[in-house]
Amino acid sequence: MVGNGIMAPSQRKKVCVIGAGMAGLVSARELRREGDDVTVLEQRGDVGGQWLYDPRVDGTDPLGTAEPVKVHSSLYASLCLISARETMGFTDFPFAPKPKDGRDSRRFPGHREVYLYLKDFCDAFGLMELVRLNTSAARVALAPGPTPTRQWTVSSVDLGKCNGTEEEEEVFDAVVVANGHYSQPILPTIKGMQVWRGRQMHSHSYRVPEQFRDEVVVVVGCGLSGMEIAMEVRGVAKEVHLVAKSMEEVTQGLAKVLAKHSVSLHLQLHVERLCQDGRVVFGDGSSVLADTVIYCTGYNYTFPFLDTEGAVTVDDNRVGPLFEHVFPPTLAPSLSFIGIPKKVFAPWFFEAQAKWVAHVLSGKRTLPPEEEMMRSVEEFYHARDIAGVPKKFTHDVSLFDITT
Ligand SMILES: Cc1cc2nc3c(=O)[nH]c(=O)nc-3n(C[C@H](O)[C@H](O)[C@H](O)COP(=O)(O)OP(=O)(O)OC[C@H]3O[C@@H](n4cnc5c(N)ncnc54)[C@H](O)[C@@H]3O)c2cc1C
């Protein structure tokens, strides 16, 4: 180390961060604070990740079953924060209201304000010089060489170039994966989905309600997105049927909303099947002739660019094994994941994860031995099993979710 805890050039690590959303940006800042040489690859034309609203949808693939999806952001136009702005800033860069023209100073602002906050964050910490926009990580794999000096070969594609297929290869000492996990739709399996004649889509592709004017719409999934979309569509549709898995999902708040709008908003339990004639049959045998079904059924983790030779897998939405949701024991610390946990106060949590990764890479902190990390992961899985938590909720760290 040289003065101020900054690494001498020989110790300085070359680190690639994949993704310039909230998780990738705070990672870049923490890594640079530790003296690393940081490159952030971002496939889109700007930073912000989910908060960079995209009016486009995966038009030719409305159900978003192709992997990876082409459109990253799943935000709808009217989306406002459901967590108050004071919980949505990094610890040393508060998400304070900006008394400027065009800024949204509400406590629960619209999505654009979060994007603008992330842009301000980049400006304040000079992060844009680290970010390569329009650059997609196409393949990340272990570079050949001895295990103790494990490095990663990252092949990237400059999407700005005319054909966007030429790959550039670079070797990094470490890779931080921060590619987000609210883009790849999860779809339920419902009898008749393949033959149903109406429009089926996932909330990933929902932007504005207008296209549902005078329609009968079935919204499958009673999480926050499901409820918000059902309420918004209700304003223009003939009727909306909101489908819950069970009565347990029907909170007091939802019951009140349903009672208030009982003429046009109906609660249904479970979709039994979709029929060729356009009917949607519910669990109690009743049915409606519907125009559209919107699946608000959550998102899958996916890392289409990452080749860990089987060391990290995604199984039923469990990314693992990951020590504390961050380090794969056999590849730590040269590979890490930021932003995997769900149901957290995202900026604070991601920032804490990023600091940890940066400190481990700079040698300020050490990880337990590989076997101990592995044992810890297994104990965590076991504890979750005993508590009856399904595997798909492995990374749900707390109790609320804003996105299903
Ligand atoms: C509808 C909706 C509402 C939400 N509401 C809230 C809320 O109110 N409060 C809250 O805290 N959170 C909310 N979230 C969750 C929100 O996504 C997280 O808070 C946070 O923004 C996730 O940040 P991230 O950096 O992990 O991922 P993202 O924001 O998704 O960023 C990932 C970035 O990686 C890039 N990327 C992906 N693959 C590649 C590749 N191969 N090469 C290069 N770049 C790549 C993407 O383009 C993207 O820019 C919401 C999410 C959705 C979908």
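This is a predicted model: local features need pLDDT of at least 70, side-chain atom pairs count only at pLDDT 80 or more; totals for chains, interfaces and linings use all residues.

The points below go from the domains to the sheets, then to the ligand shell and a few local features.

1. The protein chain is split into domain 1, made of 9-47 + 127-183 + 299-393, and domain 2, which covers 187-295. Taken over C-alpha atoms, the centres of domain 1 and domain 2 are separated by 36 Å.

2. An open sheet is built from 5 strands in the order 3-2-1-7-21, and its pairing is parallel. Strand 3 (131-132) and strand 21 (335-337) are the edge strands, and each of them pairs on one side only.

3. Strands 1 and 2. Strand 1 (residues 14-18) pairs with strand 2 in the parallel sense over 5 bridges. The chain gets from strand 1 to strand 2 through helix 1, and this β-α-β crossover is right-handed. Within the pair, Ile18 stands opposite Leu41 in strand 2.

4. Strands 2 and 3. Strand 2 (residues 37-41) and strand 3 also pair in the parallel sense, over 2 bridges. Leu41 is opposite Arg132 in strand 3, and Val40 has Val131 as its bridge partner there. Is strand 2 mostly covered or mostly open? Strand 2 is mostly covered, with 4 of its 5 residues buried.

5. Another open sheet holds 4 strands in the order 6-5-4-18, with mixed pairing. Strand 6 (167-172) and strand 18 (306-307) are at the edges with a single partner strand each, so one side of each has no neighbour in the sheet. Further in, strand 4 (residues 135-142) and strand 5 (residues 152-158) pair in the antiparallel sense over 7 bridges.

6. The ligand shell. Which residues come nearest to the ligand? Of the 34 residues around the ligand, these are Gly19, Gly21, Gly49, Gly180 and Gly339. Helix 1 (22-33) and strand 4 are the elements that give two or more residues to this shell. Helix 1 gives the most, with 3 residues.

7. Composition of the shell. By residue class, the shell around the ligand divides into 17 nonpolar, 15 polar and 2 charged residues.

8. Helix 5. Helix 5 (residues 346-362) has 17 residues and reaches 24 Å from its first C-alpha to its last, close to the 24 Å expected at 1.5 Å a residue. Why is helix 5 described as largely enclosed by the rest of the structure? The reason is that 13 of its 17 residues are buried. After helix 5 comes Gly363, whose phi is positive, near 90°.

9. Leu289. This residue lies in strand 15 (residues 287-289). Is Leu289 buried or exposed? Leu289 counts as exposed because it has 11 C-beta neighbours inside 10 Å, and the cut-off for exposed is 12 or fewer. Leu289 and Leu274 are 15 residues apart in sequence, and their C-alpha atoms are 9.8 Å apart in space.

Key: Residues are numbered from 1 along each chain as its sequence is written. Two strands pair if DSSP finds at least two bridges between them. Domain bounds come from an automatic or database domain assignment. A residue is near a molecule or strand if its C-beta atom, placed from the backbone, lies within 6 Å of it. Ala, Val, Leu, Ile, Met, Phe, Trp, Tyr, Cys and Pro count as nonpolar, Asp, Glu, Lys and Arg as charged, and the others, Gly among them, as polar. The expected span of a helix is 1.5 Å times one less than its number of residues. A residue is buried if 20 or more other C-beta atoms lie within 10 Å of its own, exposed if 12 or fewer, and partly exposed in between; C-beta atoms are placed from the backbone. A crossover is right-handed if, with the strands pointing away from the viewer, the path from the first strand over the helix to the second runs clockwise.
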